[in-house]
Structure formats: C-alpha cells, structure tokens
Amino acid sequence: MVTSGERRRNEVAVQPPEPSAAGLVFIGVIRTPWTSPRDCPHGGREDGPVCRIEVSEPWVPALDGIEDFERIEVLYWLHQARRDLVRQSPGNDGKTRGSFGLRSPIRPNPIGISLVRLLARDGSTLNVRGLDCLDGTPLLDLKPERCPFTPHRDI
C-alpha cells in the first residue's frame, strides 16, 4: 500500500481539483477487523471474516426486503485512500497502468464496491462476508445483486 505522498517507480501523481459538493450522504458505517490499509485484503472473499454493516437512522426502513437476497452490492467511501495518482505500479515493478484500469482504492473519487454474501439481518445491522475495507468505512449504498429477472437496458 502506497502511503500519502509516497510514489513507486514510474507512478504519476497530479494535483487533484478541489472537491465539489456532490451531495453524498453516508447512510451508515462498516465494521471489519482491519484497521490499517496494509492489513486490508485486496478483494473480499466469501470465506473471509464476518463483517457488520451498520445502517443509521433514518435509513433503517430502507433495509426492508434485503434479507430476500443472498448477495448484495455494497458501495462505500474509501475515506483513507489517496486521490492523486493517475498511473500506478501495483506490483512495485516500475510497470504502470492508469488508475481506471485497476481496482486500486487510489482514484479521484474513492468509491469501493464489493459483492458480499448476506448472512443475517439483525435490525439495522447486516452480517456479511466478502468485504475488503477498513473498520469505520463510511457506507454509501446497498443494492441487491443484479438478478436474472432484472431487466437489462440495451446500450
């Protein structure tokens, strides 16, 4: 994990513009066993530890019906991620790729997405497996996994 200000060989950083008010609202918090980016896994695993998604009021009623789904998409704000690298060397070997060609947390808008297995709902808390974020990560949204019966738009 590259820390703030550190760059690997051939990586390119830019001065990001000032953030604008996108109107995002955090709807809860994610509880995981990882407190350091260096300890956090690169990609969640279905056999990983049980993690908790704690949904805050007034959003708790929006959970109704979520237990009907085995898997859900979790969108979250990678609050400790850098936002300045446009080319990264994930293997630290001097070979770089553009940030949009990687699943790295380092990106202009550090939004994380995980497809998790829903184990249980207990009121405002969801127990899941498959997350790969730090303890205390702000929750942006939850969506049921796209199902075979979900209509797909022609693009």
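Q: How much space lies in the largest pocket?
A: In this predicted model, local features need pLDDT of at least 70 and side-chain atom pairs count only at pLDDT 80 or more, while totals for chains, interfaces and linings use all residues. Residues are numbered from 1 along each chain as its sequence is written, and side-chain values use heavy atoms, with hydrogens and water left out. A pocket is an open set of points on a 1 Å grid over the protein atoms alone, where a 1.4 Å probe fits, with protein on both sides within 12 Å along at least five of seven lines, and lining residues have an atom within 4 Å of a point. The volume, taken as the space filled by probe spheres set on the points, is for the largest pocket about 730 Å³.

Q: Which residues that line the largest pocket are the closest to its centre?
A: The lining of this pocket holds 29 residues. Those closest to the centre are His42, Leu78, Arg103, Ser104 and Pro105.

Q: How far from cysteine 40 is the nearest cysteine sulfur?
A: A disulfide is a pair of cysteine sulfur atoms within 2.5 Å, and by this rule the count is zero. Cysteine 40 is accordingly in no disulfide, and the nearest cysteine sulfur, in cysteine 133, lies at a distance of 6.4 Å.

Q: Is serine 104 buried or exposed?
A: Buried means under 20% relative accessible area, and exposed means over 50%, with partly exposed in between (1.4 Å probe, protein chains only). Serine 104 has 16% relative accessibility, and therefore counts as buried.
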